[in-house]
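Me: I would like to learn how to read a protein model, beginning with the overall picture and ending with its aromatic rings. Could you take me through it step by step?

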Amino acid sequence: MKKGLIAWIITAVCLLLTGGIIFVVAFGSTGWKFSAFTSVVVQTETYEEKEDSPISTLVIDFETADIVVKEGDALSVEYPLIKNRSGKAMNQVTVQDKDETLSVSDEYTSWGHIGIWGFSDIILTVTIPKGRVLSLDWETDTGDITFAKGEYAFTTIDIETDTGDIQTGAATLVCETEALFTTNTGDVDAENITAQKISVDTDTGDVELQNCTAEAIFIETNTGDVELSGSVVAPTVNVETDTGDVSTDECFLDSESLTFTTDTGDVEITLAGAASDYTITVETDTGNSNLASGGNGSKKLSITTDTGDIQVRFA
């Protein structure tokens, strides 16, 4: 009985090793790309701005795609067409160029049999000439939105993703009015942005705001943490979280009116100037605080927590 059991164990181990070797060899032959195992085929088509039809607003509404923004010579959108292995179209893309607005959207006609790495190479690429000013209205369900290195100018920015991240770190963005970034579970890394108003709204996603200047900055999260770093300058800064923490990391935070509100999240921040520059309002239920209400400075600082701790330093 023991000999039979041992034989079965040896056989099972040999089969596992053989399968592992076959997988490694097959995986290596693809250049270590998971996308080689996908059950879909991705083709791309490009729509380029026409000379007789200038574009001022770019609308994108894609179900599943990473959106990459880069600088280039001409304004264009390279969008993915998704098919299954049998060649059947899985998404229907609609492109409309009308009244200075270019709209690119897709609708899934069939989900088919999608492999675990089925969407690894689904990318929509937006190319914007340097110095060109646009309004953006973008939405994606599953997909990251990333700005490549460059200098971009916009009238308005309204970008929303569900499970994807939003990253502007490599770029410099200048927006004439509001720059709005919204996610559900995705993180927002908003860097190097100058706008009249910067708004970030997430549910469980974290927010990092770095080197940003605006007339007003509003950040709201549920369980996501908020970190401010670099130079953050705005007459009004309002940060609200539920369980997320609020912190600064080597940050020059300068504002005439600062409001931080959390439930169970901690607030640990460093502010420009001295405590005497501020009129301070601190409210906490069971949290600890190194700062008390008081003062009559020209700047206003309000911090409210339930059980979260408060730690404020001045520099």
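What follows is a conversation about this predicted model.

Me: How many helices and strands does the secondary structure of the protein chain come to?

Reply: The protein chain has 1 helix and 22 strands, and buried residues make up 38% of its 315 residues.

Me: Is threonine 127 buried or exposed?

Reply: Buried means a relative accessible area under 20%, and threonine 127, at 11%, therefore counts as buried. Threonine 127 lies in strand β7, which covers residues 123-128, and, once residues up to four places away in sequence are set aside, it touches Lys70, Glu71, Gly72, Ala74, Leu75 and Ser76.

Me: Which residues touch the most other members of the largest nonpolar core?

Reply: That core holds 72 residues, and Trp138, Phe147 and Phe260 touch the most other members. Beyond its neighbours within four places in sequence, phenylalanine 260 is in contact with several residues, including Val239, Leu253 and Ile303.

Me: How is a pair of aromatic rings described?

Reply: One gives the distance of the centres and the angle of the planes. The whole structure contains 5 aromatic pairs. In one of them, tryptophan 138 and phenylalanine 147 have ring centres 6.3 Å apart and planes at 10°, so the pair is stacked. Phenylalanine 147 also pairs with phenylalanine 154, with 6.3 Å centre to centre and 75° between the planes, and this pair is edge-to-face.

Me: Which residues form one aromatic cluster?

Reply: The cluster is formed by Trp138, Phe147, Tyr152 and Phe154; tryptophan 138 is buried at 1% relative accessibility, and phenylalanine 154 is buried with a relative accessible area of 1%.

Methods. Residues numbered from 1 in each chain as written. Predicted model: local features only at pLDDT ≥ 70, side-chain atom pairs only at ≥ 80, totals over all residues. Heavy atoms only, no water. Helix = DSSP H or I, 4+ residues; strand = E, 2+ residues; numbered from the N terminus. Buried < 20%, exposed > 50% of the residue type's maximum accessible area, 1.4 Å probe, protein only. Contact = heavy atoms within 4.5 Å. Core = buried A, V, L, I, M, F, W, Y, C linked by side-chain atoms within 4.5 Å. Phe/Tyr/Trp six-rings, centres within 6.5 Å; stacked < 30°, edge-to-face > 60°.
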